[in-house]
There are 2 protein chains.
Amino acid sequence: MGRWGPDARGPLEQAAIDLCLERGFEQITVAEIAQRAGFSERTFYRHFADKPEVLFGGMGYLRDHVVSLVTGAPASATPMEAVVTAFEQAGSDLQVNAERLRQRQDAINATPELQARELTKLAHISEAITHALRQRGTSEHSAVMAAEAGTLVFRVTYGRWIAHPGRHGWTALFHETLQDAGTVFSGVSPLTPHP
Amino acid sequence: MGRWGPDARGPLEQAAIDLCLERGFEQITVAEIAQRAGFSERTFYRHFADKPEVLFGGMGYLRDHVVSLVTGAPASATPMEAVVTAFEQAGSDLQVNAERLRQRQDAINATPELQARELTKLAHISEAITHALRQRGTSEHSAVMAAEAGTLVFRVTYGRWIAHPGRHGWTALFHETLQDAGTVFSGVSPLTPHP
């Protein structure tokens, strides 16, 4: 018998992660994930459109959170200030789930289909930020650049953070990565080809 | 009857693009693509591992070209100089195929499966650049940042260029995008939260 409630998502995700790490994503079924979590297959599909989605509910939440922070940023903030402030804050909230996120990343990194889904979700986050900036009056040109640049900093910070769980706090890592990105772009230009 | 030769890839790609734009990627088969191009299905699979790959042969070539330029950059070049010089040069070569690439992008943008494949290919290019930089002695930390930052500039430049074919030369757009990225990162830091 399936139960119905907002608390099904977490247990379904944890069951999927556990089963992925035990047997690999391709080898497991939605029925098995649901059974492991104590829910019905029907409950699974109430929450997730397909099998991979069970690992990406958090990224939908992250997208909504970042977009809401960008939308609520002070009018005086530049587009990039709004975006990096949003990612710094939203990313900080991930820390309470560090252990689950590390296991989840191991499952994703072992499966090309999940890696592709992760890239798609990140692209959707960047597109949603672009849209939110456009609503604030930012030009398309500037909105795309700020969204892409902010998402880059988030992605690299996340990679560094997940690789060393507990060693570094999110906020310090985020600032360091933002500074690294500024340094790498500072004054760089393509070399002149040899004549 | 299938023919065999390096000149099968271009015609197969063009046939796939044409069929995508006529009927949509999901609606067409490998057999139809091969037939439209005048080749056998077997020839198709000699060149491409699956149906989506027919649209991404050029990205494999781009990856190899960029990696070879990064590897051959002068020892005095910084990692980021090596990467942006490589993308500027390799991207410039895309201009001769502008019309085909624009049609190809229309086909990709209409199909989530192809958009996901494109993101995966871009991630592979960034990973291959990271590897090439590591071979040059760059630390993992710095190699990831330069590869991700350079790939960002390429991706945004490509988006701007493909949206306005013929209006802007690749090199000018690439320099402008690189400057935009530098500006967006320049001196930015997250806003202090309101107390």
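This is a predicted model: local features need pLDDT of at least 70, side-chain atom pairs count only at pLDDT 80 or more; totals for chains, interfaces and linings use all residues.

Biologist: Okay. What rotation superposes chain A on chain B?

Modeller: A rotation of 180°, with 0.0 Å of shift along its axis. The RMSD is 0.0 Å. The two copies are thus related as by a two-fold rotation axis.

Biologist: And how many of the contact residues of chain A recur in chain B?

Modeller: 100% of them. The same surface serves both copies.

Biologist: New topic. How much space lies in the second largest pocket?

Modeller: About 1,500 Å³. The lining has 49 residues. Closest to the centre are A:Gln105, A:Glu118, A:Arg155, A:Tyr158 and A:Gly159.

Biologist: Which helix gives the most to that lining?

Modeller: Helix 8 of chain A, with eight residues. Chain B takes part too: its helix 7 and helix 8 each give two or more residues.

Biologist: How do the lining residues divide into nonpolar, polar and charged?

Modeller: There are 21 nonpolar, 16 polar and 12 charged.

Biologist: Now B:Thr111. Where is it?

Modeller: B:Thr111 sits in the loop between helix 6 (98-109) and helix 7 (112-135) of chain B.

Biologist: Is B:Thr111 buried or exposed?

Modeller: Buried, because its relative accessible area is 2%, and the cut-off for buried is under 20%.

Biologist: What lies 3.2 Å from a polar atom of its side chain?

Modeller: The backbone oxygen of B:Ala107.

Biologist: And which residues does B:Thr111 contact beyond four places in sequence?

Modeller: B:Phe25 and B:Glu26.

Note on methods:
Residues are numbered from 1 along each chain as its sequence is written. Chains are lettered from A and ligands numbered from 1 in the order in which they are written. Side-chain values use heavy atoms; hydrogens and water are left out. Helices (H or I, at least four residues) and strands (E, at least two) are DSSP runs, numbered from the N terminus. Buried means under 20% relative accessible area, exposed over 50%, partly exposed in between (1.4 Å probe, protein chains only). A polar contact is a pair of N or O atoms within 3.5 Å; within protein, one must be able to donate a hydrogen and the other to accept it, and residues adjacent in sequence count only if both atoms are side-chain atoms. Contact means heavy atoms within 4.5 Å. On a 1 Å grid over the protein atoms alone, a cavity is a set of points where a 1.4 Å probe fits but cannot get out, and a pocket is an open set with protein on both sides within 12 Å along at least five of seven lines; lining residues have an atom within 4 Å of a point. Grid points are joined across faces, edges and corners, and a volume is the space filled by probe spheres set on the points. Ala, Val, Leu, Ile, Met, Phe, Trp, Tyr, Cys and Pro count as nonpolar, Asp, Glu, Lys and Arg as charged, and the others, Gly among them, as polar. Copies are superposed by least squares on the C-alpha atoms of residues with pLDDT of at least 70 in both.
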